[in-house]
Amino acid sequence: QVQLAESGGGSVQAGGSLRLSCAASGSIVRTYSMGWYRQAPGKQRELVARITYGGVTDYADSVKGRFTISRDNVKNTMLLQMNSLKPEDTAVYYCASGPNWFSFTYWGQGTQVSVSS
């Protein structure tokens with residue numbers, strides 16, 4: 001069955017960078033939209049960035065200019081390059097996939113990102 005697995009999380013100082021990766025297994029999701037969500041303790045899950053199979057992207061206002069989402073459709077992977085990290089970026093980051101970017105039906109287990117001031 002379709003599986004999504006995040007990696008690349010960790011602890012970093014404010015102003016630092018991290019690169020998150022999402023590996024997708026299963027041929028069907030190869031053509032699906034994909035996205036990154038995050039959830040901080042006590043807060044609702046929020047959209048960080050999303051990308052269509054064709055490479056159209058969308059970002060939350062809070063990360064524009066700092067984060068870059070990309071995908072490799074051959075390798076079935078998605079990346080989130082996070083630069084100029086801030087403490088408020090601290091959260092569990094989740095990879096998601098679905099037939100369109102309003103319908104993410106597959107989810108990874110999440111990877112922790114911690115940014116210290």
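Biologist: Is aspartate 89 buried or exposed?
Modeller: In this predicted model, aspartate 89 counts as buried, because its relative accessibility is 1%, and the cut-off for buried is under 20%.

Biologist: Where does aspartate 89 lie?
Modeller: Aspartate 89 lies in the loop between β8 and β9.

Biologist: Which residues does aspartate 89 touch, not counting those up to four places away in sequence?
Modeller: Aspartate 89 touches Arg38, Arg66, Phe67, Ser84, Val113 and Val115. With one of these, arginine 38, the side chain of aspartate 89 makes a polar contact at 2.9 Å.

Biologist: What else do the side chains of aspartate 89 and arginine 38 form?
Modeller: They meet in a salt bridge, with an N to O distance of 2.9 Å. Since arginine 38 belongs to strand β4 (residues 33–39) and aspartate 89 to the loop between β8 (77–82) and β9 (91–98), the pair ties together parts that are 51 residues apart in sequence.

Biologist: And arginine 38, buried or exposed?
Modeller: Arginine 38 is buried, with a relative accessible area of 6%.

Biologist: Which glutamate meets arginine 38 in a salt bridge?
Modeller: That is glutamate 46, whose side chain meets the side chain of arginine 38 at 2.7 Å, N to O. Glutamate 46 counts as partly exposed, at 36% relative accessibility.

Biologist: How many salt bridges does the count come to?
Modeller: The count comes to five salt bridges. Among them is a bridge between aspartate 58 and arginine 50, where the closest N and O atoms are 2.8 Å apart. Aspartate 58 is partly exposed, with a relative accessible area of 25%, whereas arginine 50 counts as buried at 12% relative accessibility.

Biologist: Which backbone nitrogen lies 2.8 Å from a polar atom of the glutamate 6 side chain?
Modeller: That is the backbone nitrogen of cysteine 95. The backbone nitrogen of glutamine 109 lies 3.1 Å from a polar atom of the glutamate 6 side chain.

Biologist: What is glutamate 6 in contact with, leaving aside its neighbours within four places in sequence?
Modeller: Glutamate 6 is in contact with Ser21, Cys22, Trp36, Tyr93, Tyr94, Cys95, Gly108, Gln109, Gly110 and Thr111.

Biologist: How many residues apart in sequence are lysine 43 and arginine 19?
Modeller: Lysine 43 and arginine 19 are 24 residues apart in sequence, and their C-alpha atoms are 23 Å apart in space.

Conventions
Residues are numbered from 1 along each chain as its sequence is written. This is a predicted model: local features need pLDDT of at least 70, side-chain atom pairs count only at pLDDT 80 or more; totals for chains, interfaces and linings use all residues. Side-chain values use heavy atoms; hydrogens and water are left out. A salt bridge is a side-chain nitrogen of Lys or Arg within 4 Å of a carboxyl oxygen of Asp or Glu. Buried means under 20% relative accessible area, exposed over 50%, partly exposed in between (1.4 Å probe, protein chains only). Helices (H or I, at least four residues) and strands (E, at least two) are DSSP runs, numbered from the N terminus. A polar contact is a pair of N or O atoms within 3.5 Å; within protein, one must be able to donate a hydrogen and the other to accept it, and residues adjacent in sequence count only if both atoms are side-chain atoms. Contact means heavy atoms within 4.5 Å.
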